[in-house]
Structures are given as structure tokens and as C-alpha cells.
Amino acid sequence: MIPILEKLSGFYNSYVLAVLTIGYILGELGHYLIGVTSKQTAIELDYGDHACQQNTSMFNRHELPTQCSAVMNETSCYALDFNGTGYCEWNYNGLGIDYQILAGPTFILIFTIAGVFMGFAADKYNRVNMLTVCTVIFGIAMILQGTVKEYWQLVILRMIMAAGESGCNPLATGIMSDIFPEDKRALVMAIFNWGIYGGYGIAFPVGRYITKLNFWNLGWRVCYLGAGVLTVIMAALTGTTLREPERKAIGEGDRQTSSGKPVSLWQVIKNPAMIMLMIAASIRHCGGMTFAYNADLYYNTYFPDVDLGWWLFGVTIGIGSVGVVVGGIVSDKIVAKMGIRSRAFVLAVSQLIATLPAFGSVYFDPLWAMITLGLSYFFAEMWFGIVFAIVVEIVPLRVRSSTIGVFLFVMNNIGGNLPILVDPVAKVLGYRGSIMIFYAGFYGISSILFFITCFLLEGKPDEVGQPESPKSHPDAVLNARHMHGHDNSVFSVDETLPSNGRPAQLPQHLQMSSNGYDKSQISPPRQNGAESSRL
């Protein structure tokens, strides 16, 4: 190998993480742009609710005799004036049930269903090739969204975009799990899954300021056209520069049932720990989606004279990214001492701390709203990477990607569709009250659920003792004790051939005993830390 290429090869793993993360950010940018451009899109495509809105920044809202949002009909709206100057208009506000359906269910429906199939396919086929095709699909769909003339066209294209983007998480997670060591798992997963927040953080300045610049008289359409072109470029990089990694410990390294058969996907999914983790993650996801879909519209509604686009971008990208990294590092550091349970404990504590400032971010005026939002983000954004680190650790590798696909299906169908209730609840309690419930309130509920999950996960490594005698039921191994971590760093027999060409015998601690148990669970744990994930 050329010396320079040999040196650069040491950065290949980091390069893979960068390509996968940037692709995911662009996908999520396309996903969340509708929340920022919705008002302009609604005016042009004729959908959603009408409302009285302040149409000038000449006046500060505190000096106006009547707030535009307090007027409920068109005649009274245009009758409002200050020193002889009208300051309100009756127009589409980008909200309403049409918007909530467009932002949530139409995307989530296809995203979750396709994600399950992507997860199953990722366990069998070339993941790099699949990811390349998926990226091309949602990139082209974004480009076409910049050309739509009707509301229904936008709905269809968001569905197509969702189908393509559904492969990002299960495919990329499988790739990263095979190339990164276990002691960096939570951090790597956190960085990648931060693409969700990076995407909608970038959506604030892109959707606001690119739209206002009105390049080529295209307005909001340029945002989708540009994001789509960049996505297609990333698809080309994915397909030409990434290689399919060797899958680790498929089959031989997986836990088996008492009958000698590998643990099935259904047995993994119905485990109490997995069920509780999915419920907790779904509730937390609802809180995040509620804010993502409504942040720009909320602050424009209540503070129309204050431009918070760059503030929202800075808080999301800057403070949120720090929280992601800190959460991953903290989780990785303490997992060896407290077991997988420590990850759920970090989730519970971080979401609890984030709850109160989250309420503040929709209660205070702009300055303190941004301060409390930053504080909330620092702790709240720890969650996503840690959740998927737990999922990777508590399931057999042979069903890893398919489990992630099912997990995302449940989490997105619950957490992604619940925000549709924001609109009917807002008509009863007001927009602010509704956001408080589904955003900050759900943070607090998820904290309680993550805490309950702690007790269903494995504790300290030295708590693993002799396994119970096998039962006749195929779920015996899974139900005999709490959900355990899997050693994802070992290879199957056909992957351990020495240089002399003779098959290598697996070390004793990786072999299966005659009764179908992994001998590493029976023999004393190694002291060199190589099995830090077997808890």
C-alpha cells in the first residue's frame, strides 16, 4: 500500500462515521424543513388554517394595543391599527390538521413500515449498496418537493422520501457496530443519531433565511432543491468509498435457546426489558418530535417581532451536540462498572433534569426561553445514542438490524404520530399549553419510564452467576434472568482462520456447551476487559 494511503487508512472508521452522519443529517433536514417553511408552503399550495398574524416588524409586540393572534376573524384583523398603520394580515399560518398530517403521519407511516423491511434485509444483504440506493431515493424525492404545485404532490413525495430514509438507521447502525469497538459504542451511536437534531437544527436558518433570499424567485423551493442535490452527492460517496464490513459473531456467537436453536426476533422483542425500553423511547420521541415540528411556528406565533432563527440553530447544533457527546462518554465510562443498567439510569436522570427547563423554553420571553432551551438541550439530547447502544447490546447479532427496524417502527409510530394531537388540544388549551404537554410533559414521563427500565436490565458484571437449569420452553434462556448484553466483538468460526490456512478452534470461552449455553456465561469472566459488554 502507498505510505500515504496506509496512514490515511487509520482514519477509515472515522470517515465512515462522517459520511453516514452527514447523509443522515441531510435526510433529517428534508424531513424537518416543512416545519420551518410551512407558512410559505401553505400560502403557495393552499392548505392549513388561516389566522390573524403580525405582518410587520416596525412595531414591538409589547407596544401594540391588541395582539394579532388574539383576533379570530378576518374583518377584525384588518381593522387593527397602531397610529394609523395596520399591522396585521389574515392569511395561512402554516398550522392546522393539514400541516400536522403532512409533517407527521404521512412521513411516519411509510418510514416505519419500510424501516422494518430494511432491518430484515440488512441482516442478509449488502448494507452499503442498500444504503446507497436509499440515499439516492430520498435525495431525488427532496429535489422533486421543490417542484410541487399541489398539496397532494407534497404528501406523496414525503412518503417516498420516508421510504428512502427508513434505511438509514438500521443499515448504518449495522455497519458501525461491525467496525467500531464496544467501548466506543454509545458515543458513536450518539454522534450518528445526533443527525436527527443536526438536521432540524440546520432547518431553522436554511428554511428561514434561504427562503427570504428568494434565489431565482423560487423562495422556499430552493431549500429542498439544494438539500436534495447535496444528498445525491453523499449517496455517490457512500457507494464508491465505503466497503461492506465483515459481520461479527453471526450464528456461532449468538445465544441459543435450550433446544439449541438461535434466539428468534420475536423472543427478543417480547422480552419485558425491550418492551419497556420501546415504550419509554416512544414517549421521549414524542416530546422531541413535538418541538421539532412546532418550534419555528411556535416562536413566530408568540414572538413575531423577534428573529430566533440563528438562536434556534445555535442551541440545537452547539449545545445539543455537546450533550450528545457527553451522554455517550458518560454512558460508555460507567457501563463497565454498573452494567447495561447504567445506560438506562443515565437516560432517566438526563431526561428528568431536562424537563423543567423544557417548560421554561415555552413559558418565558425570548431571552430566557433560549437560555432554558439550551440547558434542556444539553441533557435531553443524550438520549438517542444511548438507547440504541442498549438495543445493540441486549440482542443477538443475528437479529440486530431487524430488531432495530422493529424498534424504530414502534417508536416512530407512537412518538411520531402522537404530535398530531397538538392541534385539537391547542384548540382547547391554547397552542402554548398543548406544546407544554406534548413536549416538556412527555420528557418527564419518559424519565420515569427509563428509570423503571433500569430494573429490567443487567446490573454489574459480577452479578452474572451460574445460569438456571434449562427449561423445556424455547424462551428459557431469555426468561431465566434479566436481559443480558451480547459479546459483539467476537467472530464466527469461518472468520477465524489463521495465516497457515488451517481452521482455528474458537477459544473455550466462546464455544457453546453441550446444552446450548454459551460457555463464557458459565466460566469465570475474563479480566482483560475484552468482554466488557457481557454483563
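## Aromatic pairs

The structure, which is a predicted model, holds 22 aromatic pairs. One of them joins Y302 and Y431, whose rings are stacked at 6.5 Å centre to centre with 20° between the planes. Because Y302 belongs to helix α13 (residues 272-302) and Y431 to helix α20 (residues 431-454), this pair ties together parts that are 129 residues apart in sequence. Y302 is partly exposed, at a relative accessible area of 26%, whereas Y431 is buried, at 11%.

The rings of F451 and F455 form an edge-to-face pair, since their centres are 5.3 Å apart and their planes stand at 85°. F451 counts as partly exposed, with 40% relative accessibility.

## A ring cluster and charges over rings

Y302 and Y431 also take part in a cluster, linked through ring pairs, that includes Y298, Y299 and F303. Over the ring of Y302 sits the charged end of R432, 4.5 Å from the ring centre. Elsewhere, the charged end of R243 is placed over the ring of Y12, at 3.9 Å from its centre.

## Nonpolar cores

The largest nonpolar core has 137 residues, and within it Y299 and F407 touch the most other members. Helix α13 gives the most to this core, contributing 17 residues. Since domain 1 (1-29 + 94-246) and domain 3 (265-458) both give residues to the core, it lies between them. Leaving aside neighbours within four places in sequence, Y299 is in contact with F291, P304, L308, L312, S361, A369, M370 and L373.

## Salt bridges

A search of the whole structure finds eight salt bridges. In one of them E44 is joined to R221, with the closest N and O atoms 2.7 Å apart; the pair links distant parts of the chain, as E44 lies in helix α2 (residues 12-45) and R221 in helix α11 (residues 221-241), 177 residues apart. E44 is partly exposed, with a relative accessible area of 44%, while R221 is buried at 6%.

A network of salt bridges links D49, D423 and K427. Between D49 and K427 the closest N and O atoms are 3.7 Å apart, and because D49 lies in the loop between α2 and β1 (50-54) while K427 lies in helix α19 (residues 422-429), the pair ties together parts 378 residues apart in sequence. Between D423 and K427 the corresponding separation is 2.9 Å, and these two residues both lie in helix α19, four residues apart, or about one turn of the helix.

Notes. Residues numbered from 1 in each chain as written. Predicted model: local features only at pLDDT ≥ 70, side-chain atom pairs only at ≥ 80, totals over all residues. Heavy atoms only, no water. Phe/Tyr/Trp six-rings, centres within 6.5 Å; stacked < 30°, edge-to-face > 60°. Buried < 20%, exposed > 50% of the residue type's maximum accessible area, 1.4 Å probe, protein only. Lys NZ or Arg CZ within 6 Å of the ring centre and 35° of its normal. Core = buried A, V, L, I, M, F, W, Y, C linked by side-chain atoms within 4.5 Å. Domains from an automatic or database assignment. Contact = heavy atoms within 4.5 Å. Salt bridge = Lys/Arg side-chain N within 4 Å of Asp/Glu carboxyl O.
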